[in-house]
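I opened the model to look up surface, helices and a few single residues. My notes follow in the order I took them.

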Amino acid sequence: MAGSSHGHTPAAWTGVTIAFIGFCVAGAFMVMDQPLGFWAGMVVVLLGGVVGWIMRAMGMGQPKNAHPVHQVTGDRAPARAEG
């Protein structure tokens with residue numbers, strides 16, 4: 001998918017960054033054997049998904065069918081094999 005901009009939006013970057021931080025927090029507290037801290041990190045992971053979804057709903061994500069694979073136009077001829 002060269003040239004694709006899939007996921008390169010403020011909503012995607014923010015959601016993934018928050019989820020990554022939550023994952024790191026949960027992992028650290030799991031190693032320290034602190035269940036409360038682990039579950040707090042898991043809440044942050046879920047928060048990342050919610051924030052990304054809200055930002056996408058606010059228009060900061062990729063619009064539906066914006067991916068080049070999903071765009072179908074009838075003005076181009078099909079590719080032909082040369083040979």
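**Surface and totals.** I looked up the accessible surface of the protein and got about 6,800 Å², with 70% of that belonging to carbon and sulfur atoms. This is a predicted model, so I note that these totals use all residues. Of the 83 residues, 16% count as buried. I then listed the secondary structure and found two helices and zero strands. For contacts between residues at least 6 apart in sequence, I noted that 61% join residues at least 24 apart.

**Helix H1.** I checked the span of H1. H1 has 22 residues and runs 32 Å from first C-alpha to last, close to the 32 Å expected at 1.5 Å a residue. Next I asked which residues of H1 are buried. I found Ala 11, Gly 15, Gly 22 and Ala 26. These residues lie on the same side of H1, because the arc they cover around the axis is only 40°. In general, an α-helix has 3.6 residues a turn, so residues three or four places apart point the same way. I then looked for what the buried residues of H1 pack against, and the partner is H2. On the face turned away from the buried side of H1, I recorded the exposed residues Trp 13, Val 16, Phe 20 and Val 31.

**Gly 15.** I picked Gly 15 from H1, which covers residues 10-31. Gly 15 has a relative accessibility of 9%, and therefore counts as buried, the cut-off being under 20%. Setting aside neighbours within four places in sequence, I found Gly 15 in contact with Gly 48 and Gly 52. I also took the C-alpha to C-alpha distance from Gly 15 to Trp 53: 7.9 Å in space, at a separation of 38 residues in sequence.

**Before H1.** I went back to Thr 9, which sits in the segment before H1. Is Thr 9 buried or exposed? Thr 9 is buried, since its relative accessible area is 13% and the cut-off is under 20%. Not counting residues up to four places away in sequence, I listed Met 60, Gly 61 and Gln 62 as residues that Thr 9 touches.

After H1 comes Asp 33, with a positive phi near 55°. I placed Asp 33 in the loop between H1 and helix H2, the latter spanning 35-60. Its relative accessible area is 62%, so I filed Asp 33 as exposed.

**Nonpolar patch.** I searched for nonpolar surface and noted a patch of about 610 Å². Which residues make this patch? I wrote down Leu 47, Val 50, Trp 53, Ile 54, Met 58 and Met 60. I looked at two of these in more detail. Val 50 is in helix H2 and is partly exposed, with a relative accessible area of 42%. From Val 50 I took the C-alpha to C-alpha distance to Ala 19, which is 9.8 Å across 31 residues of sequence.

Technical notes
Residues are numbered from 1 along each chain as its sequence is written. This is a predicted model: local features need pLDDT of at least 70, side-chain atom pairs count only at pLDDT 80 or more; totals for chains, interfaces and linings use all residues. Side-chain values use heavy atoms; hydrogens and water are left out. Helices (H or I, at least four residues) and strands (E, at least two) are DSSP runs, numbered from the N terminus. Buried means under 20% relative accessible area, exposed over 50%, partly exposed in between (1.4 Å probe, protein chains only). Contact means heavy atoms within 4.5 Å. Accessible areas come from the Shrake-Rupley method with a 1.4 Å probe; for residues, only the protein chains shown count as cover. Patches are made of residues with over 30% relative accessible area and no salt bridge: like charges are joined within 9 Å, nonpolar side chains (Val, Leu, Ile, Met, Phe, Trp, Tyr) within 5 Å. A salt bridge is a side-chain nitrogen of Lys or Arg within 4 Å of a carboxyl oxygen of Asp or Glu. The expected span of a helix is 1.5 Å times one less than its number of residues. The arc is that of the directions from the helix axis to the C-beta atoms.
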